[in-house]
Amino acid sequence: MEFKRVIGTRRTIRFFEPNRAVEPEKIQIMLEAANRASRAVNADFVKAIVCYRDELTDEVREQLKTPTTTVQLDLAPVAIFWYGDLAFADNAQSRLKELVDLGALPVTHGWSHSYVDDVAVAQSVEPMSKDAMASTWAVSVESGLAIAQAMLAGVDEGLGVGLHSFEAETAKAVLKVPDNWIPMWMLLVGYPAESHEAGGQRPRRPLGDNFHRGQYGSPWDEIPEVTERLKKEGMIQAPMDPTLRFAEIRRLAERFGLPL
């Protein structure tokens, strides 16, 4: 699938084919996509534990649910639990020096082994790692980048995906999560039982509502030709049609015995 269409096709899928297995090969592709994400100080911020639904007991699955994570956890064949590692600063010096030696951090920009020791680590990485708010911010942002790539890779493989909250204490005990990992999201994965369009693209505000040029208060002016191009290339797709969507939900509710 073309890259722009992958972005445009991604939806939060809530109805999965419960008995159609997800190939481990496709899960590995998603994990590799996460592994290739941009990352500060070349650190392994993001961690994940892949769980196949049928390897979790019904009791555990119920305990993992939150008020907004309900039947989709019962339908999805795979749940990937994503975490961020607060120990990201460990071995930062050796990783950065490796990048210096490879030329990824070029001398033209001031990089050297002594710069790593005296500036990058001493003045940036270490202070951040010791500041609870700053390190949580860094881990969350960097983990989000990786999770987004995993989601898009899943869509590219024809899978449905959806991020959800989960009950962190239960997961920590069941999955034996280290103390230095902080919970991010649970990514449910499976083949959609609903259409890939899932009723159409979700509403989004115009770019100018959220993106500015030069300074706040100067909204980005959309270029109509670009908008039309993105429609043709699949990043911007048809909006949701509530009539069709509610009809689809009724069909799915009857199939799975869900309340309406």
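One term before we start: buried means under 20% relative accessible area. Keep in mind that this is a predicted model.

Let's begin with the aromatics. How many aromatic pairs does the structure hold? The count is 5. Take Tyr-83 and Phe-166. Their ring centres are 6.0 Å apart and their planes sit at 70 degrees, so we call this pair edge-to-face. Where are they in the chain? Tyr-83 is in strand β2, residues 78-85. Phe-166 is in the loop between β3 (160-164) and α8 (168-175). The two are 83 residues apart in sequence, so the pair ties together separate parts of the chain. And by that cut-off, both Tyr-83 and Phe-166 are buried.

Tyr-83 has another partner, Trp-181. This pair is tilted, with 5.7 Å centre to centre and 40 degrees between the planes. Again, distant parts of the chain are linked: Trp-181 belongs to strand β4, residues 181-190, and lies 98 residues from Tyr-83. Trp-181 is buried, as is Tyr-83.

Another ring to look at is Tyr-191. Arg-20 lies over its face, 3.6 Å from the ring centre.

Now the surface. Leu-207, Phe-211, Trp-220, Ile-223 and Val-226 form a nonpolar patch there. Together they have about 450 Å² of accessible area. Find Ile-223 in the loop between α9 (207-210) and α10 (224-233). Is Ile-223 buried or partly exposed? Partly exposed, with a relative accessible area of 44%.

How values were computed: Residues numbered from 1 in each chain as written. Predicted model: local features only at pLDDT ≥ 70, side-chain atom pairs only at ≥ 80, totals over all residues. Heavy atoms only, no water. Patch = residues over 30% accessible without salt bridge, like charges linked within 9 Å, V, L, I, M, F, W, Y side chains within 5 Å. Areas by Shrake-Rupley, 256 points an atom, 1.4 Å probe, with all protein chains shown as cover. Salt bridge = Lys/Arg side-chain N within 4 Å of Asp/Glu carboxyl O. Helix = DSSP H or I, 4+ residues; strand = E, 2+ residues; numbered from the N terminus. Buried < 20%, exposed > 50% of the residue type's maximum accessible area, 1.4 Å probe, protein only. Phe/Tyr/Trp six-rings, centres within 6.5 Å; stacked < 30°, edge-to-face > 60°. Lys NZ or Arg CZ within 6 Å of the ring centre and 35° of its normal.
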